[in-house]
Structure formats: structure tokens, C-alpha cells
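The entries follow in the order I looked.

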Amino acid sequence: MSTDAFAELPADALERLSLRFPARAVAVGGGAQVSVRECGEGAGLPLVCLHGIGSGSASWLEAAQVLAPRTRLIAWDAPGYGDSTPLPMDAPRGADYAQRLHELLDALGIARCVLVGHSLGALMAAPAAQRSERIAALVLISPAQGYGAPGREADRARVHAERLASLQELGIAGMAAKRSGRLVSEHASPLARQWVRWNMARLHERGYRQAIELLCGGDLLADLPAAVPTTVACGALDVVTPPAGCAEVARRCGVPLESIADAGHASYVERPQAVAALLGRVLEHAAR
């Protein structure tokens with residue numbers, strides 16, 4: 001369904017909309033589970049998509065529908081999001097999320113895939129891609145670099161305090177109402193704005209607190225895999241992880257930054273056709 005057609009739906013139809021990309025729980029051992037949504041099929045490499053700190057698996061809906069005729073797309077709810085079991089530690093690192101991801105891939109019988117990390121998802125995807133025998137290609141969309149690098153102590157403390165204060169003051173519903181608008185550009189349709197807000201409003205406090213720890217303690221540039229072909233993209237109008245910062249990630253990977261025109265941070269919600277085209281090109285190259 002096109003974004004224009006989406007915009008005609010009333011707000012109370014969003015729950016029904018999510019059922020077009022239904023969630024199911026996958027047991028990963030130790031009493032833990034991971035909630036996933038998937039669609040599409042095919043004998044080629046599947047796409048495995050990781051969302052950002054203020055989102056969830058359902059946010060990949062329209063991009064998944066565009067890609068469904070050519071590949072299997074799997075979007076997870078990160079630990080502590082949706083119906084996914086939180087990680088056991090209070091301050092997990094990227095490697096902890098990566099381990100849970102590989103447990104999920106084992107449970108799904110996926111030997112090799114193209115891994116996509118959006119925003120905070122990049123801090124989970126990069127360490128997961130260290131296992132290059134399993135990850136054929138890595139795509140980082142508007143990657144968050146994290147604040148764990150040496151010399152960033154002041155920024156780390158500030159962001160940590162700000163995030164926790166916002167959670168305390170506004171709660172999840174208040175954050176969705178106040179912060180979700182920053183994730184899209186001025187060109188976003190009414191439905192894209194609604195969809196971003198709907199997904200953010202379904203966060204769980206424990207999962208979000210753990211994600212704050214990852215954001216503040218992670219160091220993407222230190223975790224970039226050396227042996228996996230990597231594509232870096234960014235919405236041209238992204239104000240959350242601006243193009244300049246994403247260009248630095250691309251430079252470290254030795255690739256040009258892919259710009260997604262007329263898109264903000266949540267480009268795969270705002271411009272799903274463009275993001276699907278980008279992921280399609282990566283799939284074609286990885287299959288050679």
C-alpha cells in the first residue's frame with residue numbers, strides 16, 4: 001500500500017495495519033524469546049532488519065511489503081521491545097544484543113543473511129557482523145555512533161541524564177507525543193508521522209532503559225567489521241544522526257555515503273520505496 005493510501009486511514013486503524021506484518025514469538029533458549037515479523041519468501045539471502053531506540057519491528061512494514069516479492073524480510077523486536085525478553089544485565093553492550101541476534105538466526109535456521117541496522121540498531125548490527133561467515137553484507141541506515149569512545153565522557157553523561165530525565169518526566173506515551181516528530185522530515189505524510197508515533201508509544205521501560213545504556217556505552221566505529229561489505233545510508237534531512245556524522249561512518253568503511261532524498265531519520269518509514277531499492281541493490285551485489 002502506498003503512503004498516500006495509508007494517509008486516508010483513521011488513527012484507530014493503525015493496530016489493524018500492524019497485523020499485515022504480524023508478530024510471532026521465537027524461542028531462543030534459556031526461557032527467552034524474540035518477537036519477529038516477517039514476510040516474503042525466496043531461495044536467496046534473507047534480509048534481517050534491526051530498528052532504532054524509539055521504534056519496533058512493525059515500523060518496517062511498508063519497506064517489507066515492497067521487498068516481499070523478491071526476498072524474505074525478518075524484522076525483530078530488540079530485547080526488551082515488543083514481546084522480546086529483555087537481556088539479563090542492566091547495562092548491555094552491542095555484543096550482548098549481537099549474541100541474542102545470533103541465537104535468533106540459529107532458531108530460524110538462517111545460515112547467512114544481509115543484516116540491516118537502523119540508528120541504534122547499527123550498534124547491535126556491527127558487532128553481530130564480526131561473524132563474517134554468517135553476514136553476507138551489512139547495511140547501516142542513519143547509524144548511531146554511540147558515546148562510548150574515549151574522550152566522549154562529557155557527552156555520554158549528558159545524554160544519559162537527558163534520556164533518563166525525559167523518561168521520568170514524560171513517560172513512554174509523552175515521549176512518543178513529543179519526540180516522534182523529530183524522526184521524520186517536513187515532507188513526511190500524515191500517516192508516516194502517525195506510524196512513527198504509534199511504534200514509539202509501544203516501548204517498554206526496561207527495554208528502553210537498556211537501550212539507553214547501549215547508546216551511551218556503545219562505540220560503533222570501534223565495532224565496524226573489517227571483512228563484511230558495508231553500505232552506509234542516511235536521510236538527507238536527518239536531524240537525529242545528521243549526514244555529516246553518517247559520512248564519517250561511511251569514510252571509516254571506505255565507501256561513499258548513500259543519501260536518501262527528502263527523508264529524515266526514519267527514512268524506511270518516510271521513504272520506504274527508496275530504502276527498499278537500496279536494500280534490493282545490496283541483495284543483488286551480495287548474491288554475486
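**Entry 1: a charged side chain**

Which side chain of opposite charge is nearest to arginine 163, and how far away is it? I looked and found glutamate 162, 6.9 Å away. Arginine 163 is buried and has no salt bridge. I use buried for under 20% relative accessible area, exposed for over 50% and partly exposed for in between, with a 1.4 Å probe and protein chains only. For a salt bridge I require a side-chain nitrogen of Lys or Arg within 4 Å of a carboxyl oxygen of Asp or Glu. For charge, Lys and Arg count as positive and Asp and Glu as negative, while His and the chain ends are not counted.

This is a predicted model, where local features need pLDDT of at least 70 and side-chain atom pairs count only at pLDDT 80 or more, while totals for chains, interfaces and linings use all residues. Residues are numbered from 1 along each chain as its sequence is written, and side-chain values use heavy atoms, with hydrogens and water left out.

Arginine 163 sits in helix α6. I take helices (H or I, at least four residues) and strands (E, at least two) as DSSP runs, numbered from the N terminus. The arginine 163 side chain does have a polar contact, with the side chain of tyrosine 208 at 3.1 Å. A polar contact here is a pair of N or O atoms within 3.5 Å; within protein, one must be able to donate a hydrogen and the other to accept it, and residues adjacent in sequence count only if both atoms are side-chain atoms.

**Entry 2: the largest pocket**

I went on to the pockets. A pocket is an open set of points on a 1 Å grid over the protein atoms alone, where a 1.4 Å probe fits, with protein on both sides within 12 Å along at least five of seven lines; lining residues have an atom within 4 Å of a point. Grid points are joined across faces, edges and corners, and a volume is the space filled by probe spheres set on the points.

The largest pocket has a volume of about 710 Å³. I find 37 residues in its lining, with Ser119, Arg163, Leu215, Val240 and Thr241 nearest the centre. Two or more lining residues come from each of α6 (153-179), α7 (190-200), α8 (205-217), α10 (243-253) and α11 (267-270). Helix α6 gives the most, six residues. By class I note 20 nonpolar, eleven polar and six charged residues. Ala, Val, Leu, Ile, Met, Phe, Trp, Tyr, Cys and Pro count as nonpolar, Asp, Glu, Lys and Arg as charged, and the others, Gly among them, as polar.

**Entry 3: the second largest pocket**

The second largest pocket has a volume of about 260 Å³. Its lining has 18 residues, and Arg37, Asp77, Gly82, Trp198 and Arg202 are closest to the centre. Elements giving two or more residues are α2 (14-18), β2 (32-39) and α7. I count six nonpolar, seven polar and five charged residues in this lining.

I then checked α7 itself. Eight of its eleven residues are buried. Trp198 is one of these buried residues, and Trp195 is another.

**Entry 4: salt bridges**

How many salt bridges does a search of the whole structure find? I get 14. Arginine 206 pairs with aspartate 90, the closest N and O atoms being 3.5 Å apart. This pair links distant parts of the chain, 116 residues apart: helix α8 and the loop between β4 (73-76) and α4 (94-108). Arginine 206 is partly exposed at 38% relative accessibility, and aspartate 90 is exposed at 59%.

Two further pairs lie within helices. Aspartate 155 and arginine 158 form a salt bridge at 3.6 Å, N to O. They are three residues apart in α6, about one turn. Arginine 252 and glutamate 248 form another at 3.1 Å. These two are four residues apart in α10, also about one turn. Arginine 252 is partly exposed at 48%, as is glutamate 248 at 24%. I also note one network of salt bridges with shared partners, joining Arg152, Asp155, Arg158 and Glu162.

**Entry 5: covered elements**

Helix α5 (residues 120-128) is mostly covered, with nine of its nine residues buried. Alanine 137 lies in strand β6 (residues 135-141). I count alanine 137 as buried because its relative accessibility is 5%. Alanine 137 and alanine 287 are 150 residues apart in sequence and 9.7 Å apart in space, C-alpha to C-alpha.
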